[in-house]
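Reader: I have a structure to look at. Please take me through how to read its features, one at a time.

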Amino acid sequence: MVKKQKKSGQSSSTIVLNKKARHDYHIDERFEAGIALSGWELKSLRAGKVQLVDSYVLLKDGEAWLVGANITPLSTVSTHVVADPQRDRKLLLHRKELAKLFSITQQKGQTCICTALYWKKHLVKCEIAVARGKKDYDKRAAEKEKDWQKQKQRLMRH
């Protein structure tokens with residue numbers, strides 16, 4: 001039996017993380033969704049030309065859409081196609097997952113955001129999360145806790 005070994009040049013399967021989401025929201029529940037992309041978008045993802053900072057998931061007509069994600073086209077790839085970096089991209093979810101997301105987001109204060117894009121074998125997956133917005137005092141408390149943890153680690157080292 002021959003085991004497959006990971007190539008030494010191969011990096012992590014994560015393409016991009018939405019770090020701002022953890023700062024701005026309390027994340028309650030996570031889902032994994034496929035994402036419908038065109039060819040030039042895949043090549044841009046491989047090059048790491050994507051931003052999720054102001055992106056969110058819109059649920060309408062029984063479908064989920066990723067809105068506000070910016071995939072910058074590569075100049076060498078998209079010469080024959082008019083590329084729209086801000087276009088809405090369809091998320092691929094099962095009906096039960098869509099129904100659950102829709103019912104959760106109807107509650108007051110709940111929203112649906114994209115937290116990460118990553119590779120799963122040869123497919124691009126989108127991690128979406130149901131989240132509640134943080135208040136300013138929550139953000140300050142989280143920042144204070146983070147600073148205290150850093151200071152505690154420094155003290156333990158010395």
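Reader: Among the elements of the protein chain, which has the lowest mean pLDDT and which the highest?

Author: This is a predicted model, in which local features need pLDDT of at least 70, side-chain atom pairs count only at pLDDT 80 or more, and totals for chains, interfaces and linings use all residues. Residues are numbered from 1 along each chain as its sequence is written, and side-chain values use heavy atoms, with hydrogens and water left out. pLDDT is the predictor's confidence in each residue, from 0 to 100. Helix α1 (residues 19-24) has the lowest mean, 83. β7 has the highest, 94. The protein chain averages 85, and 91% of the residues score at least 70.

Reader: How many helices and strands does the secondary structure of the protein chain come to?

Author: Both are DSSP runs, numbered from the N terminus: helices are H or I with at least four residues, strands are E with at least two. Here there are 4 helices and 9 strands. Along the sequence they follow the pattern β-α-β-α-β-β-β-β-β-α-β-β-α.

Reader: What is the order of the strands in the open sheet?

Author: Strands of a sheet pair through backbone hydrogen bonds, either parallel or antiparallel. Two strands count as paired if DSSP finds at least two bridges between them. In this model, 7 strands form an open sheet with antiparallel pairing, in the order β1-β8-β9-β2-β7-β5-β4. β1 and β4 are the edge strands, each pairing on one side only. Neighbouring strands are turned by 40 degrees against each other on average, direction ignored. Axes here are lines fitted to C-alpha atoms, for helices over the stretch in contact, and angles run from 0 to 180 degrees between N-to-C directions.

Reader: What lies between β4 and β5?

Author: These strands form a hairpin with 2 residues between them. Asp61 in the turn has a positive phi of about 55 degrees. β4 (residues 56-60) and β5 (residues 63-67) pair over 5 bridges in the antiparallel sense. Lys60 stands opposite Glu63.

Reader: Which residues have the most contacts inside the largest nonpolar core?

Author: In soluble globular proteins, nonpolar side chains tend to be buried together. A nonpolar core is a set of buried Ala, Val, Leu, Ile, Met, Phe, Trp, Tyr and Cys residues joined through side-chain atoms within 4.5 Å. Buried means under 20% relative accessible area, exposed over 50%, partly exposed in between (1.4 Å probe, protein chains only). The largest core has 28 residues. Those with the most contacts inside it are Ile15, Val57, Leu91, Leu101, Leu117 and Ile128. Contact means heavy atoms within 4.5 Å. Leaving aside neighbours within four places in sequence, Leu101 is in contact with Phe31, Leu59, Leu93, Cys112, Ile128 and Val130.

Reader: Is Thr115 buried or exposed?

Author: Thr115 lies in strand β8. Thr115 is buried, with a relative accessible area of 5%. A polar contact is a pair of N or O atoms within 3.5 Å; within protein, one must be able to donate a hydrogen and the other to accept it, and residues adjacent in sequence count only if both atoms are side-chain atoms. The side chains of Thr115 and Glu127 make one of 2.6 Å.
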